[in-house]
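Please look over the chain below. The report after it covers the fold and two local features.

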Amino acid sequence: MLTILIDGIAYGMLLFVMASGLAVTLGLMNFVNLAHGAFAMIGGYVTALAMNRLGVPFILALPLAFAISALVGVLAERTLYARLYRRSHLDQVLFSIALVFMAVAAADWSLGSSQMLITLPSWLQGRFQVAGVDIGRYRAFLIVVCAALVIGLQLVLTRTAFGARLRAAVDDQRAARGLGINVGGIFAATFAVGSGLAGLGGALGIEIMGLDPTFPLKIMVYVLIVVTIGGTATLTGPFLAALIIGTADVAGKYYVPELGAFLIYLLMIVLLVLRPQGLIAPAR
């Protein structure tokens, strides 16, 4: 049971890294970006191609995945997304869902429809024991890396001048510009970081979730569930939601595999009935 719990926590941490960018853009920037999974796919393919064709070590491929996904994200934000900030959420949903299908088709045409595999370094393979509990080395690595990202992201948003400028830009763009804040630059940087985190999550998730052109569609549901259950008032809610969903998914597949994803949807319904505003309700 403890092994399943640790695997579930690792999976939940991974879900949060992929969902955190959407939580930021939706919660702070009030922009519904359903194409978030496409940036995760970009990070996954960058990692797989860098390792398999260029011989880049796994550890060095991870920052590369973040950087390229962030670069694509900021280019998309400046050329495409910035035009829809003042449009309705329906327009944003339709636009971003169209980008998802375009990304899926482009990946299938250019890289093929087969699964992309990677070989982890030897020190991340296998398991080790702690007090008689089997722990996967890669799961432990995920927990450490994702925990560091969670803490760092929370500190940036709550304890830095950048976080204060971002909140000011979201609350009142006109007043923020009057104070000399570069609102466009703040939004572009935020979108880039969110896209980079999605790409990093896609890179880290290859070993657990697999990678093929349908990857954005597969993770879209889980990312939306995490953000919906957790709420967008803070990052704490999506973080708790990701841990709950990850643990429930792993435990459900182990104990009641015949239910498949039904357990996750049932859990989502129950939590939304009990906490319709999210696990962490917005301040009034």
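Predicted model: local features only at pLDDT ≥ 70, side-chain atom pairs only at ≥ 80, totals over all residues.

Residues are numbered from 1 along each chain as its sequence is written, and side-chain values use heavy atoms, without hydrogens and water.

**Overall fold**

The chain has 12 helices and two strands. Helices (H or I, at least four residues) and strands (E, at least two) are DSSP runs, numbered from the N terminus. From that end, the order is α-α-α-α-β-β-α-α-α-α-α-α-α-α. The C-alpha trace spans about 60 × 45 × 35 Å along its principal axes.

**Helix pair**

| Helix | Residues | Contact residues |
|---|---|---|
| α10 | residues 215–230 | Y222, I225, V226, I229, G230 |
| α11 | residues 236–255 | G237, P238, A241, A242, I245, D249 |

Contact means heavy atoms within 4.5 Å. The contact of α10 with α11 has eight nonpolar, two polar and one charged residues. Here Ala, Val, Leu, Ile, Met, Phe, Trp, Tyr, Cys and Pro count as nonpolar, Asp, Glu, Lys and Arg as charged, and the others, Gly among them, as polar. The axes of α10 and α11 lie 7 Å apart, at an angle of about 130°. Axes are lines fitted to C-alpha atoms, for helices over the stretch in contact, and angles run from 0 to 180 degrees between N-to-C directions.

**Hairpin**

Strands β1 (residues 127–130) and β2 (residues 133–136) run antiparallel, joined by four bridges. Strands pair if DSSP finds at least two bridges between them. V130 stands opposite V133 in β2. Two residues lie between the strands, and A131 takes a positive phi near 55°.
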